[in-house]
Protein chains: 2
Amino acid sequence: MYVDLGNALDAEPRLTREALDRLDERVADAHDRIARGREHADHGYAALNLPDTVDPDAIRASVADFDDPAAVLTVGIGGSALGAATLAEALGADLAHYILDNVDPAHVRSLLDSLPLADTVVHVVSRSGTTAETLANFLVVREAMDRAGVDWTDRTLVTTGEDGNLRRLADRHDLPALDVPAGVPGRFSALSTVALPVAALGGADLDELLAGARAEADRLSGSLFDAPAYAYGAACYALERRGAGVNAVMPYAESLEFFAEWFAQLWAESLGKDAVGQTPARALGATDQHSQLQLYRAGPRDKLVTLVRPRERPDVPIPETDLDGLSYLGGGSLAALLDAEFEATEASLAAARCPNIRIEVDRIDERGVGELLYGMEAACVCYGELAGVETFTQPAVEWGKRAARGLLGGGDFPEAEAVGEKRRLLVE
Amino acid sequence: MYVDLGNALDAEPRLTREALDRLDERVADAHDRIARGREHADHGYAALNLPDTVDPDAIRASVADFDDPAAVLTVGIGGSALGAATLAEALGADLAHYILDNVDPAHVRSLLDSLPLADTVVHVVSRSGTTAETLANFLVVREAMDRAGVDWTDRTLVTTGEDGNLRRLADRHDLPALDVPAGVPGRFSALSTVALPVAALGGADLDELLAGARAEADRLSGSLFDAPAYAYGAACYALERRGAGVNAVMPYAESLEFFAEWFAQLWAESLGKDAVGQTPARALGATDQHSQLQLYRAGPRDKLVTLVRPRERPDVPIPETDLDGLSYLGGGSLAALLDAEFEATEASLAAARCPNIRIEVDRIDERGVGELLYGMEAACVCYGELAGVETFTQPAVEWGKRAARGLLGGGDFPEAEAVGEKRRLLVE
């Protein structure tokens, strides 16, 4: 992974090279804490050990008995779904990948109606085995398979904790089952049993993926000027402290759209606490030049834009044309056009004094994606250390979970009563 | 459209009922300006007349000769694509809808390889007829059809300006061609010849869609307390002025994902100027409760969350289960679960003093979607009037377009030289 901070300096908000030099002492301390956390496999830090602790053979074995499926359906939510979606989209796949990570009945129905259920592998992911959305969806999927005359026990793979509902279900029906990794929050679990089975089913080379992650791990060091992940995390932190409350992540690659969504979860849930934390905004180049760029250049000076691209990509030539004013396009290629747009946008942000950071990988392949995911995770942990927040918890989501459960008759929760007290000012 | 501002009041940032009352005098002035602009069909304001000025018969006629296509492909970018995508996704369709709104060669190639080209209608949309991304993609699509032995002139529909490349091409090959509406910026063009042909091809009832929009137009009045669109626009403006720089739009419906993207363009490009403007963030309920909610509740007090849902939706029952701790789900339904999550999230935001606004339509059907799109457009125009910005221009995107064109050898542009001056601080 390559991180270029050149355009992050001396813009608005203003971050100077001298400030980065001073911050580097704190990065050294953060690196020490991270290294210690990894050494003890402490909660959260254990995620940064995954390239060495995950067992790709076990993952390959868990999917080996599904013969030639046409599709794989991930049933999970949040960190239990976004990693798989990111890998499947970025690495392409020999089979179609679908997700049920929401409980919208219209969507669930239309997806189940269109899926080739007899040729679909269902991967159910829930650490606790009780996640309401995931289990409700699983119950619906299982019934749909029953109705279609498909034996769901032949088509289901489970990733869950050591005990709980899903574990017992797997034991009872002899389903292939993988353990969620110990000490790894969902949003840091892409390089584990949570998401790798989908990559394996799609034909991705898990060893290369992990090698990419390991290469990025090897680049971690006590200076942000030597470690791309820390360079990114520290610059984001320093810019947020100076007023860049928004981080717009804009990959120039369609296959990284889910990556931007995965990043948004990583950043928001890890760093959004104690009244601090940068708000991730998802964008896509070149498309969002025609949507968000006006705001980034001319709106409030509260943004960092993160531009992501591969250094090499496949190409498609643009046919010659006699259409007026388009001769400059004809005979060129889509990659040349997209890269020109990338560089033009980067320069246009710099000209408007909007801080921006360029992140590149060589290619969007197993190695590049391994580097990118690991790099962003390490960047996030570094930011969390510098900000002094509890990177690996998400206490603020519990209130709503209890309220929803109470509303559904799943127990007595005071939060459910608060729902009834909603204040109204209705305009219709 | 129903707008409930109850939870927008007395949170952090703090907006009081008294402040809304005072603002209402300015809303009356804004409404007068909007009414005058509509009366004269001034640039931009003309968009709010579309329910009366668009000709649904002409649109139906333009697609009548394509017999029974399996798919429609929109080739456009920004406002020339997002409206069609929003309508196709929200209203479902009798045929598959695809978009080429980016020039990523890997994506273009894989899409063209998978499309049934002989049964696909291509809708090319560009006001100028020279939009680089759109025309490059069109040239590639046309060649792919040629190669597949498909006569592209039988399968292509054009929406463009009165003259220019695309118009001449349509004339030369006798393609069905529609005029872009006069005085309507792309991001305000969903209810026009730009997006309605796709809805018509998909079997949507254009009359109902326009009736929904007209109903929302009829609700515009001189008081935010009587006009849902102004209630939303004015509250967003007032909250932004008080520090809510981010507006997280979170529909509780998978079929409104593109709506959130369409909204993001509308908001960012219209209001992001003169160093002001709220940054739109796209989220999706219930999924993003497991991703962004931690940040919204516990992060910086710089956010408004806009919750959107239909009051009625189709349903899917959740099968009974003997899995431990899940009996409260079994026998319920996905809609009940999703609505409980909606209300729990709304209350959890209120409990955390994060301002939030509830927007509802009766159903996600033609009428509801017409109300919603028109309502958000009128809200945006109202916000722009209150903020005193030029809602209908997007000057900040021109710099990058000139730079990209210069880089590609399409002329001599000083902006292209600035690209070469990029400052570097590379960490690898």
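This is a predicted model: local features need pLDDT of at least 70, side-chain atom pairs count only at pLDDT 80 or more; totals for chains, interfaces and linings use all residues.
On the side of chain B that touches chain A, the most residues, 13, come from helix 13 (residues 334-351) of chain B, helices (H or I, at least four residues) and strands (E, at least two) being DSSP runs numbered from the N terminus. That side of chain B divides into 66 nonpolar, 31 polar and 34 charged residues, with Ala, Val, Leu, Ile, Met, Phe, Trp, Tyr, Cys and Pro counted as nonpolar, Asp, Glu, Lys and Arg as charged, and the others, Gly among them, as polar.

The contact, defined by heavy atoms within 4.5 Å, takes 131 residues from chain B and 131 residues from chain A. The area buried between the chains is about 11100 Å², with 61% given by carbon and sulfur atoms; buried area here is the accessible area (1.4 Å probe) that two parts lose on being put together, summed over both. Of the interface residues of chain B, 100% are also interface residues in chain A, so the copies meet through the same surface.

Chain B can be laid on chain A with an RMSD of 0.0 Å by a turn of 180° and a shift of 0.0 Å along the axis, the superposition being by least squares on the C-alpha atoms of residues with pLDDT of at least 70 in both. The two copies are therefore related as by a two-fold rotation axis. Among the residues of chain B, A281(B) comes closest to this axis, at 2.8 Å (C-alpha).

Strand pairing also crosses between the chains. Strand 1 (residues 2-4) of chain A runs antiparallel to strand 11 (residues 426-427) of chain B and is joined to it by two bridges, two strands being paired if DSSP finds at least two bridges between them; within this pairing, D4(A) stands opposite L426(B). An open sheet of six strands with mixed pairing has the order 11(A)-1(B)-10(B)-9(B)-7(B)-8(B). Strand 11 (426-427) of chain A and strand 8 (279-282) of chain B stand at the edges, each with a single partner strand, so one side of each is left without a neighbour in the sheet. Strand 1 (residues 2-4) and strand 10 (residues 356-361) of chain B pair in the antiparallel sense over three bridges, with Y2(B) opposite E360(B).

Over all chains, the search finds 61 salt bridges. One of these joins the side chains of R219(A) and E371(A) at 3.9 Å, N to O, and links distant parts of the chain, 152 residues apart: R219(A) in the loop between helix 9 (206-218) and helix 10 (228-241), and E371(A) in helix 14 (residues 366-387) of chain A.

Several backbone features lie in loops of chain A. A cis peptide bond, with omega about 0°, joins E12(A) and P13(A), the latter lying between strand 1 and helix 1 (17-39). The peptide bond from G285(A) to A286(A) is likewise cis, with omega near -5°, and A286(A) lies in the loop between strand 8 (279-282) and helix 12 (293-298). R353(A), although not a glycine, has a positive phi of about 60° and lies in the loop between helix 13 (334-351) and strand 10 (356-361).

Residues are numbered from 1 along each chain as its sequence is written, and chains are lettered from A and ligands numbered from 1 in the order in which they are written. Local features need pLDDT of at least 70 and side-chain atom pairs count only at pLDDT 80 or more, whereas totals for chains, interfaces and linings use all residues, and side-chain values use heavy atoms, with hydrogens and water left out.

Terms used. A salt bridge is a side-chain nitrogen of Lys or Arg within 4 Å of a carboxyl oxygen of Asp or Glu.
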